[in-house]
Amino acid sequence: MTKTMYRRIVRMPDADAVADIVARRLLGRVIELQEERGVVHVCLTGGRTANKMYERFAELVAGSDLDATKLQLWWGDERFIPATDSERNSLQAVSRLARTVHIKSADIHMMPAQDGRADSHQGAAEYETELGDTVFDITLVGVGPDGHVGSIFPGHPSFEVTNRMVVGVTDSPTPPSERISLTLDAMNRSDEIWVITTGAGKADAAARAIDGDPSLPASHLEARHVTYWFLDAEAAVNLPQPYDCAL
């Protein structure tokens, strides 16, 4: 399918406002897609603003038309640590969503944990098999201060070209040292990518990525239909003039 290369910037006053608008739009979009095509595949991310968003999403679900039986949850990256470790992105998200989103465990596709596996590469191979030909309807992505997305880091082997959809990451610049991540190709296989970026520490990376700096993984995010960037005022402060628009 030919990509549209359509991108939209949405700037909000602060991180709480970003979490709120993403939660509202995500719930509405998932319901809309369920009515159009049935089962919806959403790829989740980690981070403080994402977790705020999951809390808000859980609040909004009550009384909505969301059909949890037609929702499949995936993850863009994960820390390669024990399954019960509270630092796992998946546990943080599910613990918040499960209050009101009653989704079957078989429909929650967590990335493999460290338990019983040789390394993150083995876990990545398992997740790639589970992923198969799945196309995400919506992929949520955070951006690090260095412009990394998922666990794909600039100037790191994780950023090297590969035909894999999921990779094991070692010697990560951000602890823990071992991680599992979707590749950029896997992320870009999504119909829609929603980039969530908040805080002054992300301002430089956001501006450079949106302006197309090829050295940053975040610059290479390009969904099949539309890529949204949701930023708060601090993260958007350095945006080049053509994108300096509050919506």
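Modeller: On a 1 Å grid over the protein atoms alone, a cavity is a set of points where a 1.4 Å probe fits but cannot get out, and its lining residues have an atom within 4 Å of a point. Grid points are joined across faces, edges and corners, and a volume is the space filled by probe spheres set on the points. This is a predicted model, in which local features need pLDDT of at least 70, side-chain atom pairs count only at pLDDT 80 or more, and totals for chains, interfaces and linings use all residues. Residues are numbered from 1 along each chain as its sequence is written, and side-chain values use heavy atoms, with hydrogens and water left out.

Biologist: How many cavities of 30 Å³ or more does the structure hold?

Modeller: The largest cavity contains about 90 Å³ of space. The second largest cavity has a volume of about 50 Å³. Counting cavities of 30 Å³ or more, the structure holds two.

Biologist: Which element gives the most to the lining of the largest cavity?

Modeller: Helices (H or I, at least four residues) and strands (E, at least two) are DSSP runs, numbered from the N terminus. Among the lining residues of the largest cavity are Met53, Tyr54 and Phe57. With three residues, the element that gives the most is α2.

Biologist: How do the residues of the lining of the second largest cavity divide by class?

Modeller: Ala, Val, Leu, Ile, Met, Phe, Trp, Tyr, Cys and Pro count as nonpolar, Asp, Glu, Lys and Arg as charged, and the others, Gly among them, as polar. The lining includes Cys43, Asp77 and Gly150. By class, it has four nonpolar, five polar and one charged residues.

Methods:
On a 1 Å grid over the protein atoms alone, a cavity is a set of points where a 1.4 Å probe fits but cannot get out, and a pocket is an open set with protein on both sides within 12 Å along at least five of seven lines; lining residues have an atom within 4 Å of a point.
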